[in-house]
Amino acid sequence: MPYVLGVHLGATATTAAIARRDGSRWAAATPVPLAAGPVVPTVLCKVQDGSFVAGEAAQRQEIAHHEWVVRGFTARLGDDLPLLVGSEFVPAQRLVATMVEWVADVVAARQGHPAEHIAIAHSATWGPHRIRLVQQALAQLGLNEVTMVPEPLAVALDYAAKQQVPEHEPIAVANIGGSGMDATVLRRRQRGFEVVGSSLTADHPSGQDLDDEIFAAVRAEFGDRIDALDLADLNQRAALAHLRAECVRAKEALSHQAGAQVRVELPGVRTEFALSRSRYEQLARPHLERVPELVLQAVQSATLAPDDLDAVVLAGGTARVPLLKQLVAERLKVPPQVDVSPELAAASGAASAAVQLLSTDVDEGSVDETSVLVRIEGSDFDEEEVEIPEAPRPPIEVEPMPLDPPDEDRARRIKIIKLSLAAALIIGGLLLTFLWPTPPTGGGLLGLFQHMRQ
């Protein structure tokens, strides 16, 4: 069955969703597993044959072969310096395209054939230059039918697919990812959304900030054991990585549980560290309080008030935290909307964007109204190829100005008069020169003028 693929390429995690087509109808976008679950780390590892493995398989190689593993490359997109992977320097855009290609291959293997179209939900900080670099890298891998969708728009499209948003109504979208967050106000249009005001981004809060808080709490209890680890030892380095992973797992559990246990397995100690939700919220509050403030700034940049919003939508795994929803509701006086799986919203929204482009029920004109969607067709990157329908020009009739025919006799008479005057002046000059007495002070016209003055 034909399908389109939506990929959310986050800084720390990658997700995917598909929408299947049955005849002329499209089903709703649904998440698709890429490994054991729908979320995989945005990590690549270069193997011996020069290719890359991604996700959890790449992450497992990080302990023993960290020099061949690369992460955080989405944030390096557009840098002049490439990233060192093993013994090779690789541009960030190539790594981004490789991650997308890996996702597309995994989904194609599960579905039995490639997607008709791919839409990529990317960071709101990517401008035209970064997007262009990714487009070129994707085309080099043979991925030409691709749509680039900013994360806020993808989240808004996913929300609109599940909740009715009246046309012209604004919504605020806050996406809290693993390495930062963004807040954007978008206004509903017939076939999509348009950004209103400024899309604001910040490095904090992030999911990693909350991971670090839990790890700091564990470190306060087992700091001596952690500091004594010999990171040159493979087993002890693996123990530290396992402890960090336990902190991440506990953070996710505390979003829907009253407490969580962090397994601590270090040399000489094997125990559990208990963390209650109240303690976790105490640690997380200073970070989470920044979210409603950034959303409020985005609303003000759109010259709106919170009361003008149809909805405030929270996305990203951190949106599950009950304290965050409470803080947003208290500050903005608007209860936030959170999907059952907020970490998958952007991927589903990207798939919805691909459906809009391929839907047989939508003509080309209405698709083009979603101006934030950039579609790639072909691999010629010398310049943007945007087809703008040219309006028919009205016929222009130029009537020549009426000109009278020239009077040849008049022109001949004027010419004769001019020649006669010139001849008279020449003859007069000769007579003055030869018939006038020679002045005592010299000859020529200068002497004549001096004689006349005497």
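**Close-up views of strand E13**

**View 1. Isoleucine 171 and its partner in E14.** In E14, leucine 186 is the bridge partner of isoleucine 171. The model shown is predicted. E14 covers residues 181-188 and runs antiparallel to E13. The two strands are joined by 7 bridges. A hairpin of 4 residues links E13 to E14.

View 2. Alanine 311 of E18 stands opposite isoleucine 171. E18 spans residues 311-315. Here the strands run parallel, and 5 bridges join E13 to E18.

View 3. E13 comprises residues 170-176. The strand is mostly covered, with 7 of its 7 residues buried. One side carries Pro170, Ala172, Ala174 and Ile176, which are buried.

**View 4. Cysteine 45 and cysteine 247.** Cysteine 45 has a relative accessible area of 4%. Cysteine 45 is buried because that value lies under the 20% cut-off. Cysteine 247 has 1% relative accessibility, so this residue counts as buried too. The structure holds 0 disulfides.

Methods:
Residues numbered from 1 in each chain as written. Predicted model: local features only at pLDDT ≥ 70, side-chain atom pairs only at ≥ 80, totals over all residues. Heavy atoms only, no water. Buried < 20%, exposed > 50% of the residue type's maximum accessible area, 1.4 Å probe, protein only. Pairing = 2+ DSSP bridges. Disulfide = S-S within 2.5 Å.
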